[in-house]
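Visitor: Could you walk me through this model, one question at a time?
Guide: Gladly, let's take a look together.

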Amino acid sequence: MGSTEILEKETPENLSNGTSSNVEAAKRLAKRLYQLDRFKRSDVAKHLGKNNEFSKLVAEEYLKFFDFTGMTLDQSLRYFFKAFSLVGETQERERVLIHFSNRYFYCNPDTIASQDGVHCLTCAIMLLNTDLHGHVSVDL
């Protein structure tokens, strides 16, 4: 099972705590994170990359603020990383990139054949950027 398929199956209806109140709380937190309302840019990835159901809801709601329709993958990554700093452990970064890949595919379903394909290309771009600049930079 691909990494994006795991997140795809975990919709709010399937989550054990995906109650209406949790979805609403996730929407509120996602909006505050997007607007940087009492959060720093470096705080955003910490909330999006946690491995629990509520954080997955928050990440899903946060990504809804981004419309990547008609954008290339690299343009979308640049646009996405202008909103926050991708910091944290490798697993946390990976989860954020999975959420990004799912949203990009949702906005551009005919551009790349699958969500896993988007995710593979996203990781490749990130690795190439790291090789070129020595770290993950907001200015891809």
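Guide: First a term we will need: buried means under 20% relative accessible area, exposed means over 50%, and partly exposed lies in between, with a 1.4 Å probe and protein chains only. This is a predicted model, where local features need pLDDT of at least 70 and side-chain atom pairs count only at pLDDT 80 or more, while totals for chains, interfaces and linings use all residues. Residues are numbered from 1 along each chain as its sequence is written, and side-chain values use heavy atoms, leaving out hydrogens and water.

Visitor: Is Val-87 buried, partly exposed or exposed?
Guide: Val-87 is found in the loop between helix 5 and helix 6. Its relative accessibility is 30%, so Val-87 counts as partly exposed.

Visitor: Which residues does Val-87 contact, leaving aside its neighbours within four places in sequence?
Guide: Contact means heavy atoms within 4.5 Å. In space, the C-alpha atoms of Val-87 and Asp-43 are 8.5 Å apart, although 44 residues separate the two in sequence. With neighbours within four places set aside, the contacts of Val-87 are Ser-42, Ala-45 and Arg-93.

Visitor: What pattern does the protein follow along the sequence?
Guide: Helices (H or I, at least four residues) and strands (E, at least two) are DSSP runs, numbered from the N terminus. The protein comes to seven helices and zero strands. Read along the sequence, that gives the pattern α-α-α-α-α-α-α.

Visitor: How are helix 4 and helix 6 oriented to each other?
Guide: Axes are lines fitted to C-alpha atoms, for helices over the stretch in contact, and angles run from 0 to 180 degrees between N-to-C directions. The axes of helix 4 (residues 53–63) and helix 6 (residues 90–107) come within 10 Å and cross at roughly 40°. Angles under 35 degrees count as roughly parallel, over 145 as roughly antiparallel, 65 to 115 as roughly perpendicular and the rest as oblique. Helix 4 is therefore, relative to helix 6, oblique.

Visitor: Which residues make the contact of helix 4 with helix 6?
Guide: Helix 4 passes helix 6 in a right-handed crossing; a crossing is right-handed if the near helix is turned clockwise from the far one by less than a right angle, and left-handed if anticlockwise. Helix 4 contributes Lys-56, Ala-59 and Leu-63, and helix 6 contributes His-99, Phe-100 and Arg-103.

Visitor: And how many nonpolar, polar and charged residues are in the contact of helix 5 with helix 6?
Guide: The axes of helix 5 (residues 73–81) and helix 6 come within 11 Å and cross at roughly 125°. Leu-73, Ser-76, Leu-77, Phe-80 and Phe-81 in helix 5 meet Val-96, Leu-97, Phe-100 and Tyr-104 in helix 6. Ala, Val, Leu, Ile, Met, Phe, Trp, Tyr, Cys and Pro count as nonpolar, Asp, Glu, Lys and Arg as charged, and the others, Gly among them, as polar. The residues here divide into eight nonpolar, one polar and no charged.

Visitor: Is Arg-38 buried or exposed?
Guide: Arg-38 sits in the loop between helix 2 and helix 3. Its phi is positive, about 65°, although Arg-38 is not a glycine. With a relative accessible area of 70%, Arg-38 is exposed.

Visitor: What share of the residues of the protein counts as buried?
Guide: The protein has 140 residues. Of these, the share that counts as buried is 41%.
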